[in-house]
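Reader: Could you walk me through this model, one question at a time? I have the sequence and the coordinates open beside me.

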Amino acid sequence: MGAGPRFALFCAIVLIAPGAVMALGGPRMVDLGKLVLILSPAVAGLALNPGLGRWGARRWGQVGVAAAVTLAVAGGALAVALALGAARLGHHAPQAAPVAATLLTSVLEELGWAGAGLALAVKALGRRWGVVVLGLVWAAWHLVPAFLRIGLFPELETAPPAMLAAFVASCLAYRELLTRLVERAGTWLAAAAGHAAPNLLLAGLMSGGAVLPSGPGDWPLFPAPGGLVFLAFAALAAWGVGRMRGTRRSH
């Protein structure tokens, strides 16, 4: 099977399999669907593309840099939301945010998306369009459970059309940023660190009682994909990383 059909099959599996299980209904099937959602990119990617792609010599220090870059993106967006009063720290009673689960799921996601999935996309479509299509599939992968309204991404379930459009654009910018960080580090672990770090930040703040933007007019300040401020910071970071000396690209 050629690279194009393998990548198409990867996209079909990650988009159809989780939703098909969740749509069966019932708490158990929804929970099983969530597990399929998290595991399908890595399982399908590694089955269709054994190995995680070749990105040059590994530069392990860049894995930490990747985490710092994405923390700056999320932290910058959060700082704007705090400054404008759309977010508040320690406002409510602490919540039971699954910090350990956040770390695990972030790493598993990127094993599929930035590991085997990215390698498949680049082989099939080349560097530029491969990352664009992968970003669109990544966005759709989030929107499937949001469309089914199972409570996994509640901010997307009630999002206005403009926020959904901003979410897709944010996924494109963020996937480009994570890909550039992978190219600099020479390993998919840079994307895993870059994905996990801001997720852990937000999960930790929520466990401490923080309130993130949630009002109908506050969505542009949401400090994650879907917020316009986040989109601006992510696009700026992707541009900045691309300008750094030593960024590698695979063709």
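Reader: Which cysteine sulfur is closest to the sulfur of Cys171, and how far away is it?

Author: Happy to start there, with a word on the source: this is a predicted model, in which local features need pLDDT of at least 70 and side-chain atom pairs count only at pLDDT 80 or more, while totals for chains, interfaces and linings use all residues. Residues are numbered from 1 along each chain as its sequence is written, and side-chain values use heavy atoms, with hydrogens and water left out. A disulfide here is a pair of cysteine sulfur atoms within 2.5 Å. The sulfur of Cys171 is too far from its closest partner for a bond, because that partner is in Cys11, at 14 Å.

Reader: Are Cys11 and Cys171 buried or exposed?

Author: Buried means under 20% relative accessible area, exposed over 50%, and partly exposed in between (1.4 Å probe, protein chains only). Cys11 has 11% relative accessibility, and Cys171 has 1%. By that cut-off Cys11 is buried, and Cys171 is also buried.

Reader: How do helix 1 and helix 2 pack, parallel or antiparallel?

Author: Helices (H or I, at least four residues) are DSSP runs, numbered from the N terminus. Axes are lines fitted to C-alpha atoms, for helices over the stretch in contact, and angles run from 0 to 180 degrees between N-to-C directions. Helix 1 (residues 3–22) and helix 2 (residues 27–48) have axes 7 Å apart and an angle of about 170°. Since angles over 145 degrees count as roughly antiparallel, helix 1 is roughly antiparallel to helix 2.

Reader: What classes of residue make up the contact of helix 1 with helix 2?

Author: Contact means heavy atoms within 4.5 Å, and among the residues that meet are Phe10 and Ile13 in helix 1 and Val36 and Leu37 in helix 2. Ala, Val, Leu, Ile, Met, Phe, Trp, Tyr, Cys and Pro count as nonpolar, Asp, Glu, Lys and Arg as charged, and the others, Gly among them, as polar. The contact of helix 1 with helix 2 has 16 nonpolar, three polar and two charged residues.

Reader: Which residues does Ser40 touch?

Author: Ser40 lies in helix 2 and is buried, at 7% relative accessibility. Leaving out residues up to four places away in sequence, Ser40 touches Val14, Pro18, Gly45 and Trp141.

Reader: Which helices do the buried residues of helix 3 pack against?

Author: The buried residues of helix 3 (residues 61–83) include Val63, Val69, Val73 and Leu78. Ala83, also in helix 3, is exposed, with a relative accessible area of 64%. The buried residues of helix 3 pack against helix 7, helix 8 (189–207) and helix 9 (228–243).

Reader: What distance separates the end C-alpha atoms of helix 7?

Author: Helix 7 covers residues 161–185, and 18 of its 25 residues are buried, so helix 7 is largely enclosed by the rest of the structure. The expected span of a helix is 1.5 Å times one less than its number of residues. For helix 7 that gives 36 Å, in agreement with the separation of its end C-alpha atoms, 36 Å.

Notes
Helices (H or I, at least four residues) and strands (E, at least two) are DSSP runs, numbered from the N terminus. Angles under 35 degrees count as roughly parallel, over 145 as roughly antiparallel, 65 to 115 as roughly perpendicular and the rest as oblique.
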